[in-house]
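Here are a few friendly notes to read alongside the model. Take them one at a time, and keep the 3D view open while you do.

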Amino acid sequence: MEVSNAFGSHELKRFNYADALTKGPTQENEFDANVLSAIDRHGFVVIEDAVPESTCEQLLGEMRPYIDATPHGLHGLGGTRRVGALVARSAASHQMISHPGILRLVESILGEQQLNGDAVKIGGKEGKGRKDFRYPWQLHLTQVIDVGPGGGTKEMPHSLRLHRANGMWLHDFQQAGLDLQMEVMWALSDFTEANGATHVVLGSHRDEPRGGDQGYRQPTIQADMPRGSALVWTGWSIHGAGANTTTERRLGMNINYALAFLAQEENQLLACPPHLARKLPKDMQRLIGYRQPAGALNYVAECQSPADSVLRDDFDVLVPGAHGHPMNSATDGPTYAPVSRDEFDAKLADLTAKKMRAIEIDDLELALHYKHALSVLKRSERI
Ligand SMILES: O=C(O)CCC(=O)C(=O)O
């Protein structure tokens, strides 16, 4: 359906991912180009059949205990429950978070800034997002949004009416000619006009200036879509949840991505702390932020990357020498690392005894600390 508003003539375009996938790489390239061009023109696009219904079912099963234990109306959203930390809590969510079609689109829009004339600007240079000249981006937020009957109505209003997502960083980015963020709303149940499908203002990502308020005075349409679909928009596109006037719940999941040198809305490193992140595939670790996106950003302790520190099984920030860097006894000061075999054996015996004592007095945290210290000591043989 065509819509005319202050930004021109627009349409909420829909493309089918499963179809593109079965037809092979040429069709996939065409799919990528169509999706990118639709979002460029209209600010929003729907990807249908992005995952099978069974994935939505599995995700809801994994998240059910957390959803059911969350009160309605937190954060001023009447009749709604918002539940996060999906990476740690739901294996099924990983298929959506790292959906190949969506990650390619995010790379084009955030990494290569294709909607901004490829205006990547790094170190005084400006140009196309070729290899090594792209912005790093990462996961920004994961959230099940469960709108109950009556949610978003006058009796149970949503405080988040129409809005843009880019407002959260204090700097005024309107003139920057930059896409900062991409949002994806996954339909975990069918989204209908009656149950509160997201309202969108087509073309509002091109408001001038980009954070202008003209878009808030334009008519909205609702993005109805079947379960397993994804509605995608940019951080400049105006949108907001609808009112649920049915007796069923509207189950959606917001998965957002943003430039990796901006703070994450949901802190992924706390929502999925190292002891859980260690078990994730490397790509997922990196996607949620366990990496150094640029230069020294995100280093740990003795200038180590997250992979070479907190993601190591035995890393303990309180253990001297846990960095594992080689020591040179001629130039380096007194060291935790022993310099002779006798010293090594004495330290080993001392730490083992301390660990045993900690276990005897039932201080398991202290015991773990000594276990890590022992592990660092054993590695010090390579010094
Ligand atoms: O639930 C929706 O449809 C939209 C949610 C939203 O706009 C938000 O949480 O920022």
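1. Let's begin with a pair of helices. Helix α10 (residues 341–360) and helix α11 (residues 364–379) have axes that come within 8 Å and cross at roughly 160 degrees. An angle over 145 degrees counts as roughly antiparallel, and therefore α10 is roughly antiparallel to α11. The crossing of these two helices, α10 and α11, is left-handed. Please keep in mind throughout that this is a predicted model.

2. Which residues of α10 and α11 meet? On the α10 side they are Lys347, Leu348, Leu351, Thr352, Lys354, Lys355, Ala358 and Ile359. Their partners in α11 are Leu366, Ala367, Tyr370, Lys371, Ala373, Leu374 and Leu377. Sorted by class, the residues of this contact of α10 with α11 are ten nonpolar, one polar and four charged.

3. Now for another helix pair. Packed helices are described by the angle between their axes and the distance between the axes. For helix α2 (residues 25–42) and helix α6 (residues 100–111), the angle is about 55 degrees and the axes are 10 Å apart. The two helices, α2 and α6, are therefore oblique to each other, and their crossing is right-handed.

4. From α2 come Phe31, Asp32, Val35 and Leu36, while α6 brings Gly101, Arg104, Leu105 and Ser108. In the contact of α2 with α6, four residues are nonpolar, two are polar and two are charged.

5. Next, the wider layout. The domain assignment of the chain gives domain 1 as residues 2–272 and domain 2 as residues 314–382. How far apart do the C-alpha centres of domain 1 and domain 2 lie? The distance between those centres is 47 Å.

6. Around the ligand you will find Ile145, Leu160, Met185, Thr198, His239, Gly240, Ala241, Gly252 and Asn254. Strands β13 (239–240) and β14 (250–259) each supply at least two residues of this shell. How many residues of the shell are nonpolar, polar or charged? There are four nonpolar and five polar residues, and no charged ones.

7. Finally, two backbone details deserve a moment. Most residues other than glycine have a negative phi, and most peptide bonds are trans. Asp49 has a positive phi of about 50 degrees although it is not a glycine; you can find Asp49 in the loop between β4 (44–48) and α3 (53–68). Glu208 and Pro209 are joined by a cis peptide bond, with omega about -15 degrees. Pro209 sits in the loop between β10 (199–200) and β11 (221–222).

Conventions:
Residues are numbered from 1 along each chain as its sequence is written. This is a predicted model: local features need pLDDT of at least 70, side-chain atom pairs count only at pLDDT 80 or more; totals for chains, interfaces and linings use all residues. A residue is near a molecule or strand if its C-beta atom, placed from the backbone, lies within 6 Å of it. Helices (H or I, at least four residues) and strands (E, at least two) are DSSP runs, numbered from the N terminus. Ala, Val, Leu, Ile, Met, Phe, Trp, Tyr, Cys and Pro count as nonpolar, Asp, Glu, Lys and Arg as charged, and the others, Gly among them, as polar. Domain bounds come from an automatic or database domain assignment. Axes are lines fitted to C-alpha atoms, for helices over the stretch in contact, and angles run from 0 to 180 degrees between N-to-C directions. Angles under 35 degrees count as roughly parallel, over 145 as roughly antiparallel, 65 to 115 as roughly perpendicular and the rest as oblique. A crossing is left-handed if the near helix is turned anticlockwise from the far one by less than a right angle, and right-handed if clockwise. Two residues are in contact if their C-beta atoms, placed from the backbone, lie within 7 Å.
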